[in-house]
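Subject: Structure handover

Hello,

Here is the structure for you to look over. My notes on helix packing and the annotated spans follow below it.

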Amino acid sequence: MATQYTLRAKRRKSALRTLAFLSPWLIGFAVFFAYPLVSTVYFSFMQYDGFTPPTWNGFDNWSYLFNDFPKFWPAMQNTLWLVLVMVTCRVTFGLAIGMLITKIKSGTGVFRTLFYLPYLAPPVAATLAFVFLLNPGTGPVNSVLESVGISAPSWFNDADWSKPALTVLAVWGIGDLMVIFMAALLDVPKEQYEAAELDGASRFQRFRFVTLPNISPIILFAVVTGVIAAMQYYTQPIVAAKVASGRMGGSGQPFEPGYPEASTLTLPQLVYNVGFQRFDYGTACAGALVLFVLAMAFTALLMRRRGGLIGTGD
Amino acid sequence: MAQPTEKKNPAVPTARPASRPVTPAQRTARRKALLHWIAVHSLGVAAALFFLLPFVFVLLTSLMSDQQALTRDLWPRDWKFDNYLTVWETPGFLTWWRNTLLYAGLGTVLSVVSSIPVAYALAKFRFRGRRLSLMLVISMMMLPPQVIIIPMYLFWAKQMDMSGSLWPLIIPMAFGDAFSIFLLRQFLLTIPDEYLDAARVDGCGELRTLLRVVLPMAKPGIAAVALFQFFYAWNDYFGPQIYASDNPAAWTLSYGLESFKGAHHTNWNLTMAATVLVMAPVILVFFFAQKAFVEGVTLTGVKG
């Protein structure tokens, strides 16, 4: 009897202790995650401009967003483009640079630092720098290209080239992937390479049958986190559009994200545009929920139990 | 001693003793190795140029006159170091620094202090709902901030009357930050349980075990989290745009830098000088804390 009593008291004490340790996050979760998320769902069915009280309008926001808002499908397409092309380029080059670093025997530290630094450059500063570098008239890149006889594109000022320009900027900031791939590559057991070499495997075969299988979980991790990052892509396109168009959004300079021709508009910017520039909070919340569903679908993939990419440690 | 054994696979060709004849097969192998060495190193140099040149061009342009910055010249004709002084003395620039330091400094302290106990519980306690909690933390980490921004903005602007300031960005940091919790938890998993058990056997309560035993061992992890948090706030553009854009007195460097370009329409030289001033602290800190950075990045991706 007595032992059972103390056991229960002990359990209660340990439960209270756990709650105490978790409490900052529990409050944060409720106030800054659960409550606003539920509110977003609620507002997506309301007509609300921030001044007149919200009124119920059923699925009107949703149908407006999907059928009548001219920029919704371009934003979806741009997001998809960035997810496919930007993520592919980042992962491919990240892996290539990671491999290159492990092959270079002299001055590794210097090279590694050089390749890593751009990742640290503040996004606004990096974007400003790239808009300047890729400036069609006077930018150094086009000057160099044209001096060797290549007719250079207008990059951020051309609807066909604005997304590739953003991709170049994203590939420049590849340092995080390089570090992750480098760590993974150094973890591949040396014996497997030696065995493959004894069997007469070529360089490519060693990459295909030893390296790739060993690092495939990391590649998948890089792809999924890259996809989530691409869906959140916000600062670079909005700053590039503002600076390249010369319309900074001040008085007399109305600014619409996506310049040129909505070619760089992504879902997060659409939420900003509809909510904070058009003051249509209801439709903005509907757009936010589309973003939520996409992001959570990929997060679920990241945490899938079998072959899950983030171990939950059980 | 026997003759030195033949090197199996020389990565770099070396001078050979004349006494040993070289078979044709060895010669091809050596030539291949040399070609490979050249290919790898020229690729390395090309990649280094791609990563380095943008910095170089930005730096060079920041030292040009306004007229020259609009030409195709790549090299400054006369070096205008006072561009930096002009930027520094632009009204508002110092305010942006102060605001950024407040947001990044206070935000980092708050989020690290509030995230440590949560990460500790998630890494070292056994309790019902542990897996679910961790999954929720990861979901919060992956949630694009735009998903919940409208209710959040309405809450801070209408209920709390705090728009036009950075407090809506700083206050939430006191309630644990999902990314910091996750990263710290990954780090704490690498600390063996035996140390904690030893402390408990010696009669330490959980809080004392955390403060006296775990924290000293977790310093590298805490440093990584603090750095990431600091740079997150330093680089944040979306947050200040939503809450502070109406009030220039509350702008941060990231938000101010963009408007700086707006105010100096054609002055690429000044804009690039401002860009350098915003990038420089980040790069300086990196050189002092390289290890913590790299450790943090690997923790997010590889371990777990």
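Start in chain B. Helix α8 (residues 178-189) of chain B and helix α11 (residues 219-235) of chain B cross at roughly 160°, and their axes come within 9 Å. An angle over 145 degrees counts as roughly antiparallel, so α8(B) is roughly antiparallel to α11(B). The crossing of α8(B) past α11(B) is right-handed. On the α8(B) side, the contact uses F179(B), S180(B), L183(B), L184(B) and F187(B). On the α11(B) side, P220(B), G221(B), I222(B), A224(B), V225(B), F228(B) and Q229(B) take part. Of the residues in this contact, 9 are nonpolar, 3 are polar and none is charged. Please keep in mind that this is a predicted model.

Next, a contact between chains. Helix α7 (residues 162-172) of chain A packs on helix α1 (residues 24-61) of chain B at about 105°, with the axes 10 Å apart. The two helices, α7(A) and α1(B), are therefore roughly perpendicular. From α7(A), V168(A), V171(A) and W172(A) meet F50(B), F51(B), P54(B) and F55(B) of α1(B). This contact has 7 nonpolar residues, with no polar and no charged ones.

Last, the record. An unreviewed UniProt entry annotates "transmembrane region" at residues 34-60, 101-122, 134-154, 166-188, 209-232 and 268-289 of chain B. I have details for two of these spans. Residues 34-60 of chain B are 100% helix and 0% strand, with end C-alpha atoms 37 Å apart. Residues 209-232 of chain B are 96% helix and 0% strand, and their end C-alpha atoms lie 30 Å apart.

Best wishes

Notes. Residues are numbered from 1 along each chain as its sequence is written. Chains are lettered from A and ligands numbered from 1 in the order in which they are written. This is a predicted model: local features need pLDDT of at least 70, side-chain atom pairs count only at pLDDT 80 or more; totals for chains, interfaces and linings use all residues. Side-chain values use heavy atoms; hydrogens and water are left out. UniProt positions are given in the numbering used here, feature names are shortened, and annotations may be inferred rather than shown by experiment. Helices (H or I, at least four residues) and strands (E, at least two) are DSSP runs, numbered from the N terminus. Axes are lines fitted to C-alpha atoms, for helices over the stretch in contact, and angles run from 0 to 180 degrees between N-to-C directions. Angles under 35 degrees count as roughly parallel, over 145 as roughly antiparallel, 65 to 115 as roughly perpendicular and the rest as oblique. A crossing is left-handed if the near helix is turned anticlockwise from the far one by less than a right angle, and right-handed if clockwise. Contact means heavy atoms within 4.5 Å. Ala, Val, Leu, Ile, Met, Phe, Trp, Tyr, Cys and Pro count as nonpolar, Asp, Glu, Lys and Arg as charged, and the others, Gly among them, as polar.
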